[in-house]
Amino acid sequence: MRYITGDEVGLIKITKVLPPPPEPVDRANTKKRRRSPEESANDQPEPIAPPKETETRVLGHVNRTGQIQLTVFPVSNGRADYTTLVVARWNGVVEYWDIEKGECLRYYELFRHELDERGKVSKLNKHKKPEHFIGLSDINGTLVACTDNGNLFVIRTSSAPEGEEPKPANYTLTQDLLFHAVVHPRHPHLLATGGDERDLCLWDLRTLPSTSEADETAPATSNYEPTWRAKNVKNDFLDLRVPVWITQLAFMDASEKMILCGTGYHQLRVYNTSGARRPVINIEVGTHPVRALTLRPVADATKEVVEAVLSDTTGQMFRVQVNVATKAAMVASKYLGLAGAVSSIALPDAENEVASVGLDRFLRVYDLTDGKRVKRKVYLKQRLTTLLLDERYEAPVIPATEQTFDGGADDEDVWGKMEEVHDKEDEVEDVGAVKKERKKRKKAT
C-alpha cells in the first residue's frame, strides 16, 4: 500500500510501505579461516541501523499560492486509475499528475483571485476566505469542480476532438457560502452540496446545458435549481430555529438516496431522499465542528451497518456506527495520540485500519477498532491537507542476500581477547606462597 498526501506548500508526497527486510542466508559449506591477531584487534563492531518501514517520494516544488486543497483519482467504468492524480490548488488551477513518472500532464486554470494594491485577495466571504475549491471529481472522462461561491466547472475531456484541449463550461448554482460538494461515484450525474445556512441539496448534472449553449460572458443565464432540497429539523425546546451549517458530505451506498452529513454544530445526520426531507438520524458527536468525514460504502445502507470515521477542529477523531434500519447511530471508539486538527481521513476497503493526516505534519495509521493502537506513524515535514490510498500497490520484495559467517574463527578471537579471571581462594594461596619464598631467601642470605 502507498499513501498519497498533499500539503500547504503545494507538494505531493507518495509514502510507500516497505516489506520487512529478509534475513541473510548462511552458506553452510564455507571454509573457516583463522584470522591473525592483528586482524582481530582492528575489528570494530559497526552500528546497525534499524530497517526502514516507509519510503517517501516528493513531487512538485514549493509554492505558497499553490496549496493543495483536494485530490482524487480519475475513475473510468467503476475502476480508479491509481497512476494519475487530479489536484485542485488554492490559486484556481486543476492539474493532472502522472505519479509514476513524476510529471504534470496537463492543467486548467478555472478561476483567478482578484488582488488589491497590496497584492492581497480583495474578495473574502463572511468566514474571511477567498474563493476556493470544495468539490472535485473525474468520472468517465468528465471533470467536475465546484467552488464555495457556487461556480461549477464541467470539462468533458472524453468528448474533445483529437489534438484539442477541451474548454471548461462554467455554470452558476443558486447558492453561495458552500462548504462541501461531492459527486456520487456510481451515478456521476448526481451532485450534493451543503454549507453555511445552505441545507443539503441534490443537483442533476444531466439538466445542464451543453458547452455550446453556455454563455461564458454571462454565466448568470445558466443558473438552475436543485432537484431535491432538505428541510431543517424542528425547532428546539425553546421553539427557536436550529441553525444549519453543513461541512462534510458522503454517499452511503450504491443508491442515490442515502447521504451522511457532518455539520459545524458537531451533528451527524443521515438523509433518505426517497422519503421525508428531514434527516432520519440526527445525533451529536463531540463538542466542535466536524472537519473531516469518510465512510466505507455498502451495498444497501438500509440493511447494513455503515462504519464512518469523522474528526473535528481540535484533533479528536471518532468511529461511528450508523444503523439506518433501527434509526440509530453511536460512537464506537475514539482515536488517541493526535496533536492537531485532522484535515483528511481515508478508509481502505480490505484492511482493518484507518489513516489520517493533519496540522501536526504526521501521517498516522490506526487499527480501525482499537483507537489506542497506532500501526504506523510517518513525519512528512509540512502541514498536510489531503490523503488518498493506493491499495493495489505492492512494494517489490528484496531478495535475501547470501552472507558468510566464519563462526569458528570468530569464536577463537573472542576467547583470545578475554582476560583470565582467578578465584579469590587461588589468589590467597598465591600470596602465601610468595611470602614463604621471601622468608627462605632472607634466611639463606
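1. Contacts along the chain. Of the contacts between residues at least 6 apart in sequence, 51% join residues at least 24 apart; a contact here means heavy atoms within 4.5 Å. The model is a predicted one, in which local features need pLDDT of at least 70 and side-chain atom pairs count only at pLDDT 80 or more, while totals for chains, interfaces and linings use all residues. Residues are numbered from 1 along each chain as its sequence is written, and side-chain values use heavy atoms, with hydrogens and water left out.

2. Overall content. The secondary structure comes to 3 helices and 32 strands. Both are DSSP runs numbered from the N terminus: helices are H or I with at least four residues, strands are E with at least two. Of the 445 residues, 46% count as buried. Buried means under 20% relative accessible area, exposed means over 50%, and partly exposed lies in between (1.4 Å probe, protein chains only). The accessible surface of the chain is about 25,300 Å², and 50% of it belongs to carbon and sulfur atoms. Accessible areas come from the Shrake-Rupley method with a 1.4 Å probe; for residues, only the protein chains shown count as cover.

3. The largest nonpolar core. This core has 22 residues, and Met252, Leu260, Leu268, Val270, Leu310 and Val322 have the most contacts inside it. Two or more residues each come from strands S20 (258-263), S21 (267-272), S22 (281-284), S23 (290-295), S24 (306-312) and S25 (317-323). Apart from it lies another core, of 18 residues, including Ala169, Leu173, Leu178 and Val183. A nonpolar core is a set of buried Ala, Val, Leu, Ile, Met, Phe, Trp, Tyr and Cys residues joined through side-chain atoms within 4.5 Å. As background, nonpolar side chains in soluble globular proteins tend to be buried together.

4. Val322. Val322 is found in strand S25. Val322 counts as buried because its relative accessibility is 0%. Which residues does Val322 touch, not counting those up to four places away in sequence? They are Met252, Val270, Ile281, Glu304, Val305, Val306, Ala328 and Ala329. Val322 and Arg269 are 53 residues apart in sequence, and their C-alpha atoms are 9.8 Å apart in space.

5. Strand S24 and its partners. S24 is mostly covered, with 7 of its 7 residues buried. Val306, Ala308, Leu310 and Asp312 point one way from S24, while Glu307, Val309 and Ser311 point the other way; all are buried. S23 and S24 run antiparallel and are joined by 5 bridges, with Thr294 standing opposite Val309 of S24. S24 and S25 also run antiparallel, joined by 6 bridges. Val306 has Val322 in S25 as its bridge partner. S24 and S25 form a hairpin with 4 residues between them, and Gly315 in the turn has a positive phi of about 90°. Two strands count as paired if DSSP finds at least two bridges between them.

6. A four-stranded open sheet. Elsewhere, 4 strands form an open sheet in the order S15-S16-S17-S18, with antiparallel pairing. Strands S15 (178-183) and S18 (228-229) stand at the edges with a single partner strand each, so one side of each is left without a neighbour in the sheet. Strand S16 (residues 190-195) is joined to strand S17 (residues 198-204) by 5 bridges. Thr193 stands opposite Cys201 in S17.

7. Thr227. Thr227 lies in the loop between S17 and S18. Is Thr227 buried or exposed? Thr227 counts as exposed because its relative accessible area is 52%. Leaving aside neighbours within four places in sequence, Thr227 is in contact with Leu202, Trp203 and Asp204. Thr227 and Asp204 are 23 residues apart in sequence and 6.5 Å apart in space, C-alpha to C-alpha.

8. His113. His113 is in the loop between strand S10 (103-109) and strand S11 (133-139). His113 is buried, at a relative accessible area of 15%. Its side chain reaches the backbone oxygen of Glu131 at 2.8 Å. Leaving aside neighbours within four places in sequence, His113 is in contact with Trp90, Asn91, Val121, Pro130 and Glu131.

9. Cysteines. A search of the whole structure finds 0 disulfides, a disulfide being a pair of cysteine sulfur atoms within 2.5 Å. Cys201 is buried at 0% relative accessible area, whereas Cys104 is partly exposed at 32% relative accessibility.

Definitions and conventions
A polar contact is a pair of N or O atoms within 3.5 Å; within protein, one must be able to donate a hydrogen and the other to accept it, and residues adjacent in sequence count only if both atoms are side-chain atoms.
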